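Thanks, everyone, for making time this morning.

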Amino acid sequence: MSNALMTVKDLHSHYGMSHVLRGVSLEINSGETIALMGRNGMGKTTLIKCLLGLVPATSGDIIFREQDAKLLSTHLLAKAGIAYVPEGRGIFKNLSVKENLFLAARSGFEGRMDWTYDRVLDSFPRLKERLTHGGQQLSGGEQQMLSIGRALLTNPDLLILDEATEGLAPLIAQDIWNIIDVIKASGISTLIVDKNFKSLSKISNRCVVMVKGEIVFNDISSQLIARPEALKNWLGV
Amino acid sequence: MDAVTIFIQAMNGIQYGLLLFLVASGLTLIFGIMGVINIAHGSFYMIGAYLAWSFMGWIGNFWLGLFVGVVVAFVLGLVLEFLFIRFLYDKDHLQQVLVTYGLILIFSELRSVIWGDDVHSVAIPALLDGSIQLTENLAYPVYRIWLSSVCIVIAILMFLGIQHTRLGMMIRAGESDREMTKALGINIGLVYRFIFALGVSLAAFSGMISAPISSVFPGMGGQVLIVSFVVVVIGGLGSIKGAMVAALLVGLIDTFGKVTTLHIFGVNIFPEMAGMSIFALMALILMFRPQGIFGREH
Ligand SMILES: Nc1ncnc2c1ncn2[C@@H]1O[C@H](COP(=O)(O)OP(=O)(O)OP(=O)(O)O)[C@@H](O)[C@H]1O
Ligand SMILES: [Mg+2]
């Protein structure tokens, strides 16, 4: 038995007539940090939503911790240990910062409680000053911190971040990368999508590149950096 | 009108408004949270009134009847959500209206089979069957005061529940971002089922407590549905606060409209106009605020 936390086999997905995922296979091991890359519209978000059961897979398999994830609805997958920081952050605008966090807080797999309300606030001191603010009163960076903090409070084994630093000022983005480093050190597997190739490849153990719904590269980042023409074709960097 | 008459009519208007709120709040919650237009909502009010009438006949105890009726309505709500409503969440409004119209027909037919098509009246429970003397020859019924108080208590519980309980947080979260709510491990389907059943119970409860002060008749569901929709539209789709304000407005305007007299060429035109006044109010408000008083702009 491998130590794969999640295994995806030959996954296909459609939006109506358009075939968006065309046979994606991927393994996510425990404690691994994976960079999911690709140009706009290549299917990264769709893949993530399939993993979470938010978009139905047309065929293929998703196994999470030896269970058939395709049979589980989203809230059960979340309870099984997958946390999600979506594109656009997904903050509940009509809930206060505190309520956003409270709603998420629970123990993880086998009762693990690594991330508590206090630890999250210590990691994101800016949130501490804004506990009673409504979700819509936060800056983009604060929203992303809240979204990550909220995800951590579910004490997940796999954290999926879509567009981790999109639209954030460089200094704020750096704060987010630092937090991801802490998360990585705490042993949580992460799957991260971001446009910043340099930071993302530095932080990850493995890079996965998607082109038109297929995975064209799946290896350590130095292998990718060694192929400048492929980088240019696939990612435009 | 003298001061006492105005006072009494104001009390009646508020009482009618509060009752409307109970019906309309379920309607607006179900629309605001689940996005479902449920035109069968008035049927639950009608069912409630008929239940009250039957229970008075069978058990002879209004209070026990009220309790059993609410439980029956809640279970009915759970079952209906499971069988029909949950399939409507991602459908368009036309399909929702068609399915819930089907429910109206079913309930109307069932009512006819079970209870017949007669008009009935329900006696005021003995405990509240008195009145408070206001002046020498004017009195106000205790039952109506009780009814208003119950509505106020329920409204307060609703506001507190939505603002301060975990379930309330889930409801608000689901309203803001359904996918994200699920992704945090919340079984939103179960939350929806509960809310729907709660809405059904509220409508049925309103029908039951209103039975002793109005008659129980086949068309009562349709009547209350239309007025409740006016309330929901005026208040702003999905807004509980809006439903409260609009319900009171509609209650007062409707009540005063019915007792106001305005003679034109010796003919009193007002009672006939009263029925129209709430629609005029709706048109007026929509002209200036198309999203309703507390509605959010889209
Ligand atoms: N809800 C939808 N309905 C129909 N087509 C969609 C939908 N969402 C995405 N698509 C299409 O599916 C393809 C993949 O989109 P997806 O959002 O997964 O890409 P992405 O790699 O995340 O892109 P980006 O970097 O812009 O976020 C695109 O061609 C997009 O237009
Ligand atoms: Mg995307």
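By a salt bridge I mean a side-chain nitrogen of Lys or Arg within 4 Å of a carboxyl oxygen of Asp or Glu, and between chain B and chain A the count is two salt bridges. Before going further, please note that this is a predicted model, in which local features need pLDDT of at least 70 and side-chain atom pairs count only at pLDDT 80 or more, while totals for chains, interfaces and linings use all residues. Residues are numbered from 1 along each chain as its sequence is written, chains are lettered from A and ligands numbered from 1 in the order in which they are written, and side-chain values use heavy atoms, with hydrogens and water left out.

One of those salt bridges joins the side chains of E99(A) and R172(B), at 2.9 Å from N to O. Taking contact as heavy atoms within 4.5 Å, 18 residues of chain B touch 22 residues of chain A. Together the two chains bury about 1,800 Å², with 61% of it on carbon and sulfur atoms; buried area here is the accessible area, with a 1.4 Å probe, that two parts lose on being put together, summed over both. On the chain B side, M169(B), M180(B) and L184(B) lose the most area to chain A, together 33% of what that side buries.

Which residues of α6(B) are buried? They are G168(B), M169(B), M170(B), I171(B), R172(B), A173(B) and G174(B), where buried means under 20% relative accessible area, exposed over 50% and partly exposed in between, computed with a 1.4 Å probe on protein chains only. Helices (H or I, at least four residues) and strands (E, at least two) are DSSP runs numbered from the N terminus, and the cover over the buried residues of α6(B) includes α3 (97-104) of chain A as well as α1 (3-34), α5 (142-164), α7 and α8 (188-210) of chain B.

Turning to the metal, the magnesium ion (ligand 2) has T45(A) (OG1) and E87(A) (OE) as its protein donors, lying 1.9 to 2.5 Å from it. Donors are N, O and S atoms within 2.8 Å of the metal (3.2 Å for Na, K and Ca), and water is not among the atoms, so sites may look incomplete.

Finally, V216(A) sits in strand β10 (residues 214-219) of chain A and, because its relative accessible area is 36%, is partly exposed.
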